[in-house]
Amino acid sequence: MLKFAAVGGTAFLVDNTVFYGLKLTILEPKPVTAKVIAVLMATIVSYVLNREWSFRTRGGHERRHEAALFFLVSGIGLVLSSAPLWISRYVFRLETPDVSLVTQEIADFVSAQIIGTLIAMVFRFWALRKWVFPDEKAQSGSVLPAPTPDSTDEAA
């Protein structure tokens, strides 16, 4: 869990850097597009770090199959992380000129970088452990035998 959190923190930094870099420059009128690009870049970083560090001892899939599952799960995570920003901007209309620039920026940060990231993080952790990097022992259906008491246990 700690390794997954460290990878997530790194991906979060990549996401924020790219998102704000694009949103405050060339994609200023298109924040959702900036968010999608930022999440895609963070996803690539996340795959490499999760594969080589967080879930290094888990797996059981061929590398291509594993990568395809990872990017499918991440695609769903992309939708989950972008949806709150889209709702904030286009459903609640929290954008200029309807609200102040400060309100818009706070709403963008809370919806995209906090709410969206948390929703996607929970989904990704669950889905990566379940489908992409499953525990090989659990996947094979092997059952570990129950420990048998030894003679010292009976004497106690």
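Predicted model: local features only at pLDDT ≥ 70, side-chain atom pairs only at ≥ 80, totals over all residues.
## Overall make-up

The protein chain contains 6 helices and 0 strands. Read from the N terminus, its elements follow the order α-α-α-α-α-α. The chain has 156 residues, of which 36% count as buried.

Contacts can also be sorted by how far apart the two residues lie in sequence. Among contacts between residues at least 6 apart, 73% join residues at least 24 apart.

## Helix α1

Helix α1 has 22 residues. From its first C-alpha to its last it reaches 31 Å, which is close to the 32 Å expected at 1.5 Å a residue.

Which residues of α1 are buried? They are F4, V7, A11, D15, N16, V18, F19, L22 and K23. Two of these names come up again below: A11 in the description of the largest pocket, and K23 among the contacts of R89.

## The largest pocket

The largest pocket holds about 360 Å³ of space. It is lined by 24 residues, and those closest to its centre are G8, A11, T117, M121 and R124.

By class, the lining is made up of 12 nonpolar, 9 polar and 3 charged residues.

## Aromatic pairs

The whole structure has 7 aromatic pairs. In one of them, W86 and Y90, the ring centres are 6.1 Å apart and the planes stand at 55°. W86 is partly exposed, at 45% relative accessibility, and Y90 is partly exposed at 34%.

The rings of F123 and W126 are also tilted, because their planes are at 50°; their centres are 6.2 Å apart. These two residues belong to helix α4 and are 3 residues apart, so about one helical turn separates them. The cut-off for buried is under 20%. Elsewhere, Y47, F70 and F71 form one aromatic cluster.

R89 lies in helix α3, which covers residues 63-91. Its relative accessible area is 4%, so R89 counts as buried. Which residues does R89 touch, leaving aside those up to four places away in sequence? R89 touches K23, P31, L94, E95, Q104 and D108.

P84 is found in helix α3 as well. At 13% relative accessibility, P84 is also buried. Not counting residues up to four places away in sequence, P84 touches S111, I115, G116 and I119. P84 and V110 are 26 residues apart in sequence, and their C-alpha atoms are 8.9 Å apart in space.

Note on methods
Residues numbered from 1 in each chain as written. Heavy atoms only, no water. Helix = DSSP H or I, 4+ residues; strand = E, 2+ residues; numbered from the N terminus. Buried < 20%, exposed > 50% of the residue type's maximum accessible area, 1.4 Å probe, protein only. Contact = heavy atoms within 4.5 Å. 1 Å grid on protein atoms, 1.4 Å probe; cavity = no way out; pocket = protein on both sides within 12 Å on 5 of 7 lines; lining within 4 Å. Points joined across faces, edges and corners; volume = space filled by probe spheres on them. Nonpolar A, V, L, I, M, F, W, Y, C, P; charged D, E, K, R; others polar. Expected span 1.5 Å × (residues − 1). Phe/Tyr/Trp six-rings, centres within 6.5 Å; stacked < 30°, edge-to-face > 60°.
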